[in-house]
Amino acid sequence: GAGRQVEVIKKYHPNLKFYLVDLAPTLYLCYQYLNSIFPDDIMPYTSTREGERIQLTDERKIAFVGNGDMDRVSPVGTSLSICSAVLGLMTPVNATKYLEKMSSYSDYIFMIESRGDNSKGTYALDDSACLDDFERIFDGKYDLIHREAAFYPLSVREGFGGFEMMMWAKS
C-alpha cells in the first residue's frame with residue numbers, strides 16, 4: 001500500500017525496523033510517502049538492489065524490497081511480518097511460495113485476509129488463497145494463536161469472503 005500502516009506503527013514505536021515488500025510501483029509510491037514523513041529513516045531503495053542480503057543494522061530504518069528479492073531479507077532479532085489483503089489475490093500455489101519465503105525469517109505473521117475462497121469471483125481468479133490454505137501451508141511450522149473478524153468494512157464486504165485478523169506464531 002501507500003505506507004500508512006507503517007506510518008502509524010512507526011509513530012508509536014519509532015525504534016522498529018521495517019522491511020516493506022511489494023511490487024515496484026507500489027514501493028515507489030510508499031517510498032515517496034514515507035520519505036516525506038521520516039526522511040532520516042529511509043534506506044534508499046537503490047541500496048537494496050545489490051548484495052547477498054538486505055539487513056537493517058540501525059534502529060529506526062525502513063527498507064523497500066521488491067517481491068523477487070524477499071528471500072534476501074535478513075532481519076536481526078525477533079520479526080513480525082504483516083500481510084494485509086494481499087494473499088487472497090494469489091492462487092494457493094503462489095501464496096505458498098510467498099509464505100514459505102516469509103516464514104524463513106518471520107517469528108510471527110499477522111494477516112488480514114479472507115477466511116473463504118469467495119473473493120475469486122470479485123477478481124476473476126480461478127482460485128484464491130484463504131484460511132484453509134494458510135492452515136495447510138503453516139501446518140507444523142506456525143500455530144494460529146488468535147483469530148477474529150476484521151474491522152469494518154473488510155469483515156462484511158460483499159464478495160470478499162469475510163476478512164479476518166489472524167496472528168500466527170512459529171511452532
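Is phenylalanine 138 buried or exposed? Phenylalanine 138 is buried, with a relative accessible area of 1%; buried means under 20% relative accessible area with a 1.4 Å probe and protein chains only, exposed over 50%, partly exposed in between. Tyrosine 142 is buried too, at 4%.

This is a predicted model, where local features need pLDDT of at least 70 and side-chain atom pairs count only at pLDDT 80 or more, while totals for chains, interfaces and linings use all residues. Residues are numbered from 1 along each chain as its sequence is written, and side-chain values use heavy atoms, without hydrogens and water.

Now the rings. Rings of Phe, Tyr and Trp (its six-membered ring) pair if their centres lie within 6.5 Å; planes under 30 degrees apart are stacked, over 60 edge-to-face, the rest tilted. The count is three aromatic pairs. Tyrosine 31 and phenylalanine 64 have ring centres 5.2 Å apart and planes at 70°, so this pair is edge-to-face. Both residues of that pair, tyrosine 31 and phenylalanine 64, are buried. For phenylalanine 138 and tyrosine 142, the centres are 4.9 Å apart and the planes at 50°, so the pair is tilted.

Lysine 10 lies over the face of phenylalanine 38, 5.5 Å from the ring centre. The rule asks for NZ of Lys or CZ of Arg within 6 Å of the ring centre and within 35 degrees of the ring normal.
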